[in-house]
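Hello,

Here is the structure I said I would pass on. My notes on it follow below.

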Amino acid sequence: MRLWIALHLPRLPLEVFCPRWSEDLCTVVLEQERVAALSEAARAAGVEPGMRRGGALMLAPQARFQQRAPQREAEALQAVALALLRYTPQLAQAEEATLLLDVGASLRLFGGVRALCRDIAASLRALGFTAALSCAPTARGAWLLARANAGRALTMAALTRRLRRLPVGLLPPARPYLDWFEGIGCLTLGQARALPRPGLQRRCGRALLDMLDDAHGERPELHQWLAAPASFRAKLELFDRVENAEALLSGARRLLLQLTGWLSARQLAVERVVLLLEHERGRVARAPTAIEVVLAEPTWRDEHLVRLLKERLAKQVLEAPVIGLCLEAPRVTPMTPPSDCLFPEPGGGKEDWQRLLELLTARLGPENVLQAAPRADYRPEHANAWVGVQQKIRPADARAQLPPDLPSLPRPAWLLAKPIPLLMREHRPFYGSPLTIVSTGEKIEAGWWAEMQTRDYFMAEGRDHAHYWLYRERDGNDPEAVTRWYLHGLFG
């Protein structure tokens with residue numbers, strides 16, 4: 001099934017300067033000293049499109065006037081297109097701030113056309129933009145429906161009925177001839193299509209007929225697809241100085257949406273992202289504040305990255321106001337397909353476990369979430385070191401650190417930080433009750449290069465049937481020395 005979604009962003013000039021989440025500001029965008037776009041607050045004050053600057057200033061003296069910036073508008077439209085690449089790699093930019101998405105191959109992945117339209121609309125709202133969305137079997141038909149905000153048409157018959165009622169002025173080649181069309185009583189696309197083709201071509205040119213044929217599926221359409229850049233770097237200029245780090249999350253999420261679109265288009269997953277908080281420039285310039293997020297498992301989804309950045313921003317103390325954001329992805333890897341296991345783990349997979357560790361690291365700090373790394377040492381208290389969970393330990397490296405002849409006796413899960421000396425009662429070590437040795441001994445002699453240890457380890461059982469790990473010190477130089485017992489670990 002061939003299906004196109006068209007997104008027309010009619011208020012793009014305004015949303016470049018006044019995003020949706022700050023529309024309560026009285027903002028007016030000017031083009032050649034006339035009002036090109038305005039916020040709801042400016043409209044409530046009496047300002048209207050096309051009004052001169054002086055008249056708008058008299059009605060709304062508190063308004064913030066901005067000159068239209070075609071370069072910034074093009075960058076904003078490019079950012080929206082980059083974020084929408086997560087839904088389809090076949091995305092093209094059309095005339096008059098409109099994006100065309102070929103989503104025929106994406107319908108099953110996203111749960112149908114209605115669910116896909118809801119997801120796209122939610123992404124646009126998160127980016128701070130509003131758009132007229134339409135669907136049609138042809139790209140030009142979807143473009144016309146979006147320009148007229150005329151809804152969706154999923155079949156050619158429904159598209160033909162909807163196009164028949166649209167005004168002829170929607171077609172750019174017809175606009176120079178609107179007076180002629182009105183003079184002959186031709187006001188809709190259906191009436192224009194019923195005119196003799198040779199005469200219409202001589203009067204208005206071939207481009208008008210080509211657009212009509214494209215919209216009705218009578219001519220093959222050619223598009224230039226948007227190509228994702230080789231590397232990712234996205235910037236966002238804030239509309240005011242921000243002094244609270246948590247207030248930056250909305251802007252950071254807009255950049256993350258662009259990142260996930262880029263990752264989907266390039267079939268990549270990110271391992272490390274860096275969010276740069278840009279401060280004042282010029283004489284009082286300061287170096288950007290870098291917030292780095294290192295992932296244990298590569299990801300290409302924005303929800304997890306948003307949670308991690310939220311935790312990091314909640315702990316960040318700003319040394320200076322922030323005027324801009326920049327997001328970079330310095331380390332990426334090819335995207336790993338989802339597991340095809342017939343019986344998935346009931347408690348979640350490896351990715352869920354890694355996301356939990358990453359969230360704890362962002363909330364508690366990397367120095368407070370540790371993992372055990374084995375060391376090549378027979379002494380129990382030196383047999384492993386605690387390192388951060390962000391440090392990757394290869395299984396081969398871990399096995400290389402293990403002693404060549406592993407002991408056959410079990411080791412406790414809880415090793416005390418410092419051994420506890422035990423009393424002797426009834427010629428047996430005592431810890432709450434006399435302990436009974438229930439295993440053979442394990443001799444450890446190591447540490448001659450640092451801390452020499454000569455010990456005999458045993459498993460013991462108390463009257464409460466709990467099991468303990470004890471050792472007896474041996475003095476090789478004095479066989480008649482008093483034997484001392486210590487508690488070194490507890491079994492579960």
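**Overall figures**

Of the chain's 492 residues, 44% count as buried, where buried means under 20% relative accessible area, exposed over 50%, and partly exposed in between (1.4 Å probe, protein chains only). Please note that this is a predicted model, in which local features need pLDDT of at least 70 and side-chain atom pairs count only at pLDDT 80 or more, while totals for chains, interfaces and linings use all residues. Residues are numbered from 1 along each chain as its sequence is written, and side-chain values use heavy atoms, with hydrogens and water left out.

The accessible surface of the chain is about 27,200 Å², and carbon and sulfur atoms account for 53% of that surface; the areas come from the Shrake-Rupley method with a 1.4 Å probe, and for residues only the protein chains shown count as cover. The radius of gyration of the chain is 35 Å, whereas a compact globule of 492 residues would have one near 23 Å. That radius is taken over C-alpha atoms, and the globule rule is 2.2 Å times the number of residues to the power 0.38. The C-alpha trace spans about 120 × 55 × 40 Å along its principal axes. Among contacts between residues at least 6 apart in sequence, 59% join residues at least 24 apart, a contact being heavy atoms within 4.5 Å.

**Sheets**

The chain has 15 helices and 21 strands. These are DSSP runs numbered from the N terminus: helices are H or I with at least four residues, strands E with at least two. Two strands pair if DSSP finds at least two bridges between them.

W4 has D102 in strand 6 as its bridge partner.

Another open sheet has 3 strands in the order 3-2-4, and its pairing is mixed. Strand 3 (34-38) and strand 4 (64-67) are the edge strands, each pairing on one side only. Here neighbouring strands are turned by 35° against each other on average, direction ignored. Strand 2 (residues 27-31) pairs with strand 3 in the antiparallel sense over 4 bridges, and V29 stands opposite A37 in strand 3.

W225 lies in the loop between helix 11 (206-215) and strand 8 (233-242). W225 is partly exposed, at a relative accessible area of 33%. Leaving out residues up to four places away in sequence, W225 touches W4, Q90, L91, A92 and D102.

T454 belongs to strand 19 (residues 453-461). Its relative accessible area is 17%, so T454 counts as buried. Apart from neighbours within four places in sequence, T454 is in contact with I444, E445, R472, E473 and R474.

A413 is in the loop between helix 15 (395-401) and strand 14 (414-421). A413 is exposed, with a relative accessible area of 80%. A413 and R108 are 305 residues apart along the chain, and their C-alpha atoms are separated by 48 Å.

Regards

Methods:
Axes are lines fitted to C-alpha atoms, for helices over the stretch in contact, and angles run from 0 to 180 degrees between N-to-C directions.
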